[in-house]
Amino acid sequence: MRVVEKRQLLSAKEIDRTLQRLAHEIVEKSGGTKDLALIGVRRRGVPLSERLAKTILAFSQVQVPVGILDITLYRDDLSTVGPQPVVHSTNIDFSVDGQDLVLVDDVLYTGRTMRAAMNGLFDLGRPRRIRLCVLIDRGHRELPIEATFVGRTVETSDTEIVEVRLQEIDEEERVMLVDRVS
Amino acid sequence: MLLRPKHLLGIESLTADQILFYLDQSKPFQEFQRHPLKKLATLRGKTVAVAFFESSTRTRISFTTAASRLGADTMALQAESSSLKKGESLIDTVRTLEAMRPDGIVIRHSSSGAPEFVAERLEIPVMNAGDGTHEHPTQALLDALTIRDRKGKLEGWNVTILGDILHSRVARSNIYLLSKFGARITLCGPGMWVPAELETLAPNVRRVSRIEEGLDGADVIIVLRVQSERLHEPGLPAAEYILRYQLTNERLRLARPDALVLHPGPMIRGLEIDPAVADGPQCAVLEQVTNGLAVRMALLYHLIGGAPADAPHPAKE
């Protein structure tokens with residue numbers, strides 16, 4: 001599969017400003033930080049959730065707990081993928097019971113990842129509430145899933161891919177729109 | 001070579017990388033055992049045939065629980081076969097299994113080589129849960145996981161295996177596995193249970209007959225169960241085995257101070273192991289059991305389920 005870069009959606013600076021705004025929005029729309037916890041969905045949701053927590057700490061002096069969720073075991077496409085995908089660790093070292101959780105991921109697309117993430121969270125307990133925070137909402141939902149906190153909404157076609165590149169994982173920082181070329 | 005072979009028949013043919021892959025994949029499943037809700041839908045709709053032709057409660061329950069926690073259904077086949085009818089009854093049973101179309105089979109059999117025999121005749125993945133005196137790969141993997149977790153690494157330890165090595169598939173699989181990671185292995189037990197040929201199984205394997213010599217400098221001690229039938233063989237009554245080979249705290253002090261004690265189970269307290277050692281801080285038998293569940297879940301996840309190797313990959317990810 002060949003891809004060709006079409007255009008940049010967010011620069012490093014824009015990513016940072018967007019995350020700052022999202023962090024404030026989360027605290028504002030939660031009426032504070034009580035029982036608030038962020039769950040970063042592997043892979044890129046993890047550094048995003050850590051950055052959000054750091055920003056929240058800076059302006060509210062509260063260290064919101066951050067967990068890491070791996071959704072591999074909850075995917076609905078395992079019987080079509082070929083050899084089983086490698087499983088990574090979920091690391092949520094606090095109870096989710098009664099917590100006000102915000103799932104954090106880079107891109108919201110079909111919604112299947114979020115469905116899997118919710119299944120994973122329910123295996124751990126009974127959160128009071130789950131909302132979703134994504135950097136990019138690219139449409140094309142296949143399930144009734146919505147994000148409460150959205151960095152930017154982008155219209156995309158089926159062949160396009162939104163690539164979020166973060167320093168912690170990709171050693172560069174920007175969001176690109178790329179197209180599949182046959 | 002495929003990182004993930006189709007079957008798990010033994011440790012001997014696995015590379016160190018393949019072993020590390022399975023150990024690393026066991027970690028998320030270790031964490032899973034602490035979830036309040038231990039039920040996934042990952043292998044939903046799959047059926048795992050758990051075919052035990054030799055009696056076993058622990059390993060059978062471990063495999064059945066592992067499959068069930070992954071969401072798979074299990075077919076439990078328990079049959080104690082007379083060793084006289086080896087080949088024939090296995091062919092018949094294999095045909096019966098085929099007709100029921102499971103997605104994978106876990107097999108324990110009293111004949112060495114039975115899992116390979118089955119793997120040659122069925123299309124589905126086969127996991128060896130212990131065959132004769134040949135191999136018990138999942139035991140070696142869970143032992144390795146326990147060693148790595150408790151001692152911080154897997155490489156380069158002095159490992160002593162204590163007891164009836166000759167008749168032990170656990171010992172063989174452990175010898176194969178640990179020697180791939182640079183272990184120096186000492187086999188210690190009564191002479192007739194530790195024949196010279198065992199030294200040829202892997203590099204860096206030596207035999208000693210005195211337990212004091214066997215434990216000197218040991219980092220890991222694997223205590224083998226003494227099969228009660230063997231004690232009625234001429235030459236080694238239980239009292240003498242206890243006198244010469246029981247692992248006591250006093251003898252444990254001859255090993256390294258932080259030596260790890262493993263036992264594949266079931267333990268016979270007061271025979272091969274002193275209860276004080278079994279219940280002591282250096283003994284990791286309960287972790288072995290938990291790790292066994294994690295290892296078997298990781299293996300079932302990777303071997304069973306998923307599309308066949310030639311299925312098209314989806315475009316996403």
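User: What counts as a contact here?
Analyst: Two residues are in contact if their C-beta atoms, placed from the backbone, lie within 7 Å. This is a predicted model, where local features need pLDDT of at least 70, side-chain atom pairs count only at pLDDT 80 or more, and totals for chains, interfaces and linings use all residues. Residues are numbered from 1 along each chain as its sequence is written, with chains lettered from A and ligands numbered from 1 in the order in which they are written.

User: OK, which residues does Ile221(B) touch, leaving aside neighbours within four places in sequence?
Analyst: Thr160(B), Leu162(B), Leu215(B), Leu247(B), Ala255(B), Ala259(B) and Val261(B).

User: And which residues have the most contacts inside the largest nonpolar core?
Analyst: Ile221(B) again, along with Ile39(A), Leu103(A), Val220(B) and Leu300(B); the core has 141 residues. Such a core is a set of buried Ala, Val, Leu, Ile, Met, Phe, Trp, Tyr and Cys residues joined through C-beta atoms within 7 Å. Buried means that 20 or more other C-beta atoms lie within 10 Å of the residue's own.

User: Where does this core lie relative to the domains of chain B?
Analyst: Between domain 1 (39-134) and domain 2 (138-289), because both give residues to it. The bounds come from an automatic or database domain assignment.

User: How far apart are the C-alpha centres of those two domains?
Analyst: In chain B they lie 28 Å apart. Domain 1 and domain 2 each put 7 residues into their contact.

User: Switching to the chains, how many residues does each give to the A-B contact?
Analyst: Chain A gives 20 residues and chain B gives 20 residues.

Technical notes: A residue is buried if 20 or more other C-beta atoms lie within 10 Å of its own, exposed if 12 or fewer, and partly exposed in between; C-beta atoms are placed from the backbone.
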